[in-house]
Amino acid sequence: MNKWKVSFLVLAIINLLFIVSVVTFLLLPSEKTLKDIRTELNGEEAKVPFLIRSQKDTLSDLINHYLEEETAQGNLQYRVELEEFVYVYGAIKAFNKDIDMTLILEPKVELDGNMQLLVKELSIGQLKLPVSYVLKYMKTYYELPSYVNIDPSKKVIDVHLDELTFKNGLSAKAESFNLKNDDITFTLYVPLP
């Protein structure tokens, strides 16, 4: 009987040591906290990527809503339609009259996820204007967001999405923008709380 008592006591002590060890490890702080992990990410706030696919109609609605909310250019009102190209329709005030404007753009996704818009045509009323001249005028006289850069000599408008952060901390990167195949994909980066 002494053997059984001794074996029972040894088994009970082993179980007690195991339970104490598990509880101790559970209560000890971890080596890295979530704050430490965020700091390791190049000193930047950690963001979770989401792949977003859209269709031309839906993205057109979103762009137009954003333009209504964010633009404060009283002398230039416009809307965007995505078809085989990006069409920007608007009106410019001149001589106390609204004159129709049409801008046709061909989008291209850059390797870094930014967008480049090649200006194919620009017309006011029925008159087609020299693109480089008008882009130079726009660059000089219109207050453009800091993430938009116009190169009149190349007839392109660069949209630096990597410099654009929305009020809620969201940012985006273009993956594909193929209007003919209705394949529009972005990565949306959401900051961790």
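1. Is Glu81 buried, partly exposed or exposed? Glu81 is partly exposed, its relative accessible area being 26%, where buried stands for under 20% relative accessible area, exposed for over 50%, and partly exposed for what lies in between, computed with a 1.4 Å probe and with protein chains only.

2. This is a predicted model, in which local features need pLDDT of at least 70 and side-chain atom pairs count only at pLDDT 80 or more, while totals for chains, interfaces and linings use all residues. Residues are numbered from 1 along each chain as its sequence is written, and side-chain values use heavy atoms, with hydrogens and water left out.

3. As to secondary structure, the chain holds 4 helices and 10 strands, both taken as DSSP runs and numbered from the N terminus, with helices being H or I over at least four residues and strands being E over at least two. Read from the N terminus, the order of the elements is α-α-β-α-β-β-β-β-β-α-β-β-β-β.

4. Among the contacts in the chain with a separation of 6 or more, 40% are between residues 24 or more positions apart, a contact meaning heavy atoms within 4.5 Å. The accessible surface of the chain is about 14200 Å², and carbon and sulfur atoms contribute 59% of that area; the areas come from the Shrake-Rupley method with a 1.4 Å probe, and for residues only the protein chains shown count as cover.

5. The whole structure contains 5 salt bridges, each defined as a side-chain nitrogen of Lys or Arg within 4 Å of a carboxyl oxygen of Asp or Glu. One of them joins Glu81 to Arg79, with 3.2 Å between the closest N and O atoms.

6. Glu106 has a relative accessible area of 32% and is partly exposed, as is Lys120 with 43%.

7. Lys108 and Glu110 also meet through their side chains in a salt bridge, with an N to O distance of 4.0 Å. Lys108 counts as partly exposed at 47% relative accessibility, and Glu110 counts as partly exposed at 26%.
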